[in-house]
Amino acid sequence: MPTKIKLILTFLVVLITSIIFYKHFINNEFIRSTIILVILIIMVFGLWILPEATGKTKEKNEKK
């Protein structure tokens, strides 16, 4: 995935998650807000660190 798309996705994830976190934090729902932060960290980690899935090549499976 191109870096531009990763940056846009990261920005959107952080923006939306921080809005949801803020709403729960203001309402004194600390456990939910903590869970939301953990999910944010996992999503950003998964986007930037984990490798992308690639399909199998058909050269090995094709019969000539």
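I began with Thr17, which at 11% relative accessibility counts as buried, and I noted that Thr17 belongs to helix α1. The model I am reading is a predicted one, and I keep that in mind for every value below.

**Thr17 and its surroundings**

I looked up what Thr17 touches beyond residues up to four places away in sequence, and found Ile36, Leu40 and Met43. I then took a distance across the chain: Thr17 and Ile39 are 22 residues apart in sequence, and their C-alpha atoms are separated by 8.8 Å. Turning to the side chain of Thr17, I found that it reaches the backbone oxygen of Val13 at 2.6 Å.

Is Thr10 buried or exposed? With a relative accessibility of 15%, Thr10 counts as buried, because the cut-off for that class is under 20% relative accessible area. Leaving aside residues up to four places away in sequence, I listed Val44, Leu47 and Trp48 as the residues that Thr10 touches.

**Helix α1 as a whole**

I wanted to know which residues of α1 are buried, and the entry reads Lys6, Thr10 and Thr17. I also asked what covers them, and the cover includes α2, residues 30-48.

I then checked the length of α1, which runs over residues 3-26: its 24 residues, at 1.5 Å a residue, should span 34 Å, and the end C-alpha atoms are 34 Å apart, which agrees.

**The nonpolar patch**

I searched the surface for nonpolar patches and recorded one formed by Ile8, Phe11, Leu12, Leu15, Ile16, Ile19 and Ile20, which together have about 640 Å² of accessible area. I picked out Ile19 from this patch; this residue lies in helix α1 and is partly exposed, with a relative accessible area of 44%.

**The loop between α1 and α2**

I followed the chain past the end of α1 and stopped at Asn28, which is found in the loop between α1 and α2. The phi of Asn28 is near 60 degrees, and I marked it because this is a positive value in a residue other than glycine. Asn28 is exposed, with a relative accessible area of 57%.

I also looked for charged pairs, and the structure holds one salt bridge. The partners are Arg32 and Glu29, whose side chains meet at 3.7 Å, N to O. Of these two I looked up the exposure of Glu29, which is partly exposed at a relative accessible area of 28%.

**The whole protein**

How many helices and strands make up the secondary structure? I counted two helices and zero strands. Of the 64 residues in the protein, buried residues make up 11%. The accessible surface comes to about 6,000 Å², and 70% of that surface belongs to carbon and sulfur atoms.

How values were computed. Residues are numbered from 1 along each chain as its sequence is written. This is a predicted model: local features need pLDDT of at least 70, side-chain atom pairs count only at pLDDT 80 or more; totals for chains, interfaces and linings use all residues. Side-chain values use heavy atoms; hydrogens and water are left out. Helices (H or I, at least four residues) and strands (E, at least two) are DSSP runs, numbered from the N terminus. The expected span of a helix is 1.5 Å times one less than its number of residues. Buried means under 20% relative accessible area, exposed over 50%, partly exposed in between (1.4 Å probe, protein chains only). Contact means heavy atoms within 4.5 Å. Patches are made of residues with over 30% relative accessible area and no salt bridge: like charges are joined within 9 Å, nonpolar side chains (Val, Leu, Ile, Met, Phe, Trp, Tyr) within 5 Å. Accessible areas come from the Shrake-Rupley method with a 1.4 Å probe; for residues, only the protein chains shown count as cover. A salt bridge is a side-chain nitrogen of Lys or Arg within 4 Å of a carboxyl oxygen of Asp or Glu. A polar contact is a pair of N or O atoms within 3.5 Å; within protein, one must be able to donate a hydrogen and the other to accept it, and residues adjacent in sequence count only if both atoms are side-chain atoms.
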